[in-house]
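Subject: Structure handover

Hi,

Here is the structure I promised to pass on.

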Amino acid sequence: MKAFKSDIVLSFIDSTNVLSVIATRMLKIPVIISERNNPQRSTMSKIWYYLRRLTYPMADSLVVANMGLKEVCRKVNFNKYVEVIPNLLQLNDKQRENRLYKRLIAVGSLTKQKRFDLLIEAV
């Protein structure tokens, strides 16, 4: 970060967020972290859990994917500046016109937390 003379750092993934906050605090570079999973269902080790609890409030902002996750992150006091930037899916004109074919797309890691089993059952 120092070598690239970064103006700002955008970080994703919990352990990377922790390391980014630590590095940027020492360099005085603003950092925005992103939490994409429910932290209450995290399977990270205890050391990473405590490091996350310690460092997340030091980030300049926390970005999450939905209002539910925003409420969870506020509840556990991750950061006082929590913003929602939803995952978006944009359809082109041809896709909008052709609504006879229904498609379901799910993207995520095949972990228990993502609940693909529930999605398959629902479909």
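This is a predicted model: local features need pLDDT of at least 70, side-chain atom pairs count only at pLDDT 80 or more; totals for chains, interfaces and linings use all residues.

Residues are numbered from 1 along each chain as its sequence is written, and side-chain values use heavy atoms, with hydrogens and water left out.

**Overall**

The protein chain has five helices and four strands, where helices (H or I, at least four residues) and strands (E, at least two) are DSSP runs numbered from the N terminus. Along the sequence they run β-α-β-α-β-α-β-α-α. Of the 123 residues, 25% are buried; buried means under 20% relative accessible area, exposed over 50%, and partly exposed in between (1.4 Å probe, protein chains only). If we take contacts (heavy atoms within 4.5 Å) between residues at least 6 apart in sequence, 45% of them join residues at least 24 apart.

**The core**

A nonpolar core here is a set of buried Ala, Val, Leu, Ile, Met, Phe, Trp, Tyr and Cys residues joined through side-chain atoms within 4.5 Å. The largest one has 15 residues, and Val-31, Ile-33, Leu-62, Val-64, Cys-73 and Phe-78 touch the most other members. Two or more residues each come from α1, β2 (31–35), β3 and α3. Leave out residues up to four places away in sequence, and the contacts of Leu-62 include Ile-33, Cys-73, Phe-78, Tyr-81 and Val-82.

Ser-20 sits in helix α1 and is buried, at 7% relative accessible area.

**Aromatic pairs**

Rings of Phe, Tyr and Trp (its six-membered ring) pair if their centres lie within 6.5 Å; planes under 30 degrees apart are stacked, over 60 edge-to-face, and the rest tilted. That gives two aromatic pairs. In one, the ring centres of Tyr-49 and Tyr-50 are 5.2 Å apart with planes at 80°, so the pair is edge-to-face. Tyr-49 is partly exposed at 35%, and Tyr-50 is exposed at 55% relative accessibility. The pair of Tyr-56 and Phe-78 has centres 4.8 Å apart and planes at 65°, so this one is edge-to-face too.

**Salt bridge**

There is one salt bridge, meaning a side-chain nitrogen of Lys or Arg within 4 Å of a carboxyl oxygen of Asp or Glu. Asp-60 pairs with Arg-25, and their closest N and O atoms are 3.0 Å apart. The partners are 35 residues apart, Asp-60 in the loop between α2 and β3 and Arg-25 in helix α1. Asp-60 is partly exposed at 37%, as is Arg-25 at 27%.

**Surface**

The accessible surface comes to about 9600 Å², 58% of it belonging to carbon and sulfur atoms (Shrake-Rupley method, 1.4 Å probe; for residues, only the protein chains shown count as cover). Met-1, Leu-19, Ile-22, Met-26 and Leu-27 make a nonpolar patch of about 460 Å². Patches are made of residues with over 30% relative accessible area and no salt bridge, with like charges joined within 9 Å and nonpolar side chains (Val, Leu, Ile, Met, Phe, Trp, Tyr) within 5 Å. Leu-19 lies in helix α1 (residues 14–27).

Cheers
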